[in-house]
Amino acid sequence: MALDGSLERLRRGGHIVVVGASLAGLRAAETLREEGFTGTLTLIGDEPYEPYDRPPLSKQVLLGRVPVDHTALPRRLATDARWRLGVAATGLDMAAKRVALADGTSVEYDRLLIATGVRSRPWPNELEAGLDGVFTLRTRDDATRLVHRLRAGPRRVLVIGAGFTGSEIASVCRERELPVTVAERGPAPLVGALGGVIGEVAAELQHEHGVDLRCGVMVTGLEGDGAGRLRRAHFSDGDALEAEVAVVALGATRNTEWLAGSGLAAGPRGIACDAGCRAFDVRGIVADDVFVAGDVARSPHPLFGYQFLSLEHWGNAVAQAEVAAHNMISPGERRRPHLWTPYFWSAQFGVNIKSVGVPNMADQVIVSQGSLSEHRFTAAYGYQGRVIAAVTFDQAKWLEFYQRQIEQAAPFPPPFTTVDRRPEGMRPVPAGFPDPSVPTHGPEVTVSGHSPTDQRVTFTPA
């Protein structure tokens, strides 16, 4: 089928701007070229580096096994793009089709892809956050500073938050034989992402590897010495801890502030878009020339009741970017929906943890293979009588099977018997997710309702 004239002009001589020069932005640019876009392509990024891989930063880079400048993402093909690196986008004028930049310039577009991702949530007290020894971990520069400090052999490291990033950092510290304390306001590590049943296993792993794990407490203050160096942390239970390094792992903030006043449905939960990655405006109407992809996107998923999901997943960023790029230059009848099944992995304390689906939507969990006590198992999650997620500890071979169960809306608890099921897994139990009004650190999927303009968002303190 021939393209209409305006779309053909866009493909041959239009200007597509991608705001966000990381994984999603790069893969979108490559897909545009692969699918025949020959016009002008501009990528805008607030960091001075070309796209690099972030997962190794909290693992191989902190362990000193991979230099931080060796994390560049591989290129599938030349994008012939104009790179505007080290300059952030500061505003969007949808009527004029123009992106304002921090250096005072602006860029016009025919189609716009927003892939600005997330940033680490900082320590809320700016003076304390500025102490020498207080770190976050999200960027190459963050990793460079932190690995340098860990190599110096601090007497104790404090990790604030026991989500995936915080737990991986604690694992690195123990592998480096550094004393580490982990403070988590929830009842267990990973509880916001995987629930209390699996959180107890994560706690056992940390204890067995010598982590000073403190759950159910908050860090109320960080104290420095006269030279502005971190020396002590104070806890909500009245205790205090001497520490030279504190890593703040309190989750992520989506980069949407620059869109204030633009008219897009953008906020703390992300930018709302339809299943074809087209952005919604504040009236709930799709903008056919503005698309969204990656961690910053908030899109409906048919496998999970068409609720809007924000996914902080490497694989989702790639899949959604490819769909968005395809749809930007395709007529309506050729456009595709983004139907990627959430998938996540982590390596910590010698265990490979993988998940598929959306565990934190579940109300029940059952251990279907292996044993919690052996830290080697598969757990299936259920919600309203169907399988919606699975998590494996060193049993990744089962993930593909459970992905099919999720995609087929299989009943929960699973009706089949297995050769490896132990007595502890014979019946479902409450998954043990905390009250959503009580913040915990580490969910990889945020479920945020059905309407793109939904204002009923629970306030989550920093």
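Hello everyone. Two strands count as paired if DSSP finds at least two bridges between them. Helices (H or I, at least four residues) and strands (E, at least two) are DSSP runs, numbered from the N terminus.

A word on what we are looking at: this is a predicted model, where local features need pLDDT of at least 70, side-chain atom pairs count only at pLDDT 80 or more, and totals for chains, interfaces and linings use all residues. Residues are numbered from 1 along each chain as its sequence is written, and side-chain values use heavy atoms, with hydrogens and water left out.

Back to our strands. Val219 stands opposite Phe235 in β14. The open sheet they belong to has 3 strands in the order β13-β14-β15, with antiparallel pairing. Its edge strands, each pairing on one side only, are β13 (219-224) and β15 (240-242). On average, neighbouring strands here are turned by 20° against each other, direction ignored. For angles, axes are lines fitted to C-alpha atoms, for helices over the stretch in contact, and the values run from 0 to 180 degrees between N-to-C directions.

Now the annotated regions. UniProt, in an unreviewed entry, lists "domain: FAD/NAD(P)-binding" at residues 15-321. That span is 21% helix and 31% strand, and its end C-alpha atoms are 17 Å apart. The UniProt record, again unreviewed, also places "domain: Reductase C-terminal" at residues 343-414. Here we have 12% helix and 51% strand, with the end C-alpha atoms 20 Å apart. UniProt positions follow the numbering used here, feature names are shortened, and annotations may be inferred rather than shown by experiment.

Next, another open sheet: 6 strands in the order β24-β25-β28-β27-β26-β29, paired antiparallel. At its edges are β24 (343-348) and β29 (429-430), each pairing on one side only. Within the sheet, β27 (residues 376-383) and β28 (residues 386-393) are joined over 7 antiparallel bridges. Thr378 has Thr392 in β28 as its bridge partner.

Which helices lie across these strands? Helix α7, residues 196-208, lies across β25, β26, β27, β28 and β29, at about 155° to β27. Helix α9, residues 399-407, lies across β24, β25, β26, β27 and β28, at about 165° to β28.

Let me zoom in on Ala362, in the loop between β25 and β26. Is Ala362 buried or exposed? Ala362 is buried, at 10% relative accessible area; buried means under 20%, exposed over 50%, and partly exposed in between (1.4 Å probe, protein chains only). Leaving aside neighbours within four places in sequence, Ala362 is in contact (heavy atoms within 4.5 Å) with Tyr381, Gly382, Tyr383, Ile388, Ala431 and Phe433.

What about the cores? A nonpolar core is a set of buried Ala, Val, Leu, Ile, Met, Phe, Trp, Tyr and Cys residues joined through side-chain atoms within 4.5 Å. The largest has 68 residues, of which Leu194, Ile198, Tyr381 and Phe393 touch the most other members. A second, separate core of 28 residues includes Leu26, Leu32, Leu41 and Leu73.

Finally, a helix pair: α2 (residues 23-34) and α8 (residues 314-328) pack at about 35°, with axes 8 Å apart. Among the residues that meet there are Leu23 and Leu32 in α2, and Trp314 and His326 in α8.
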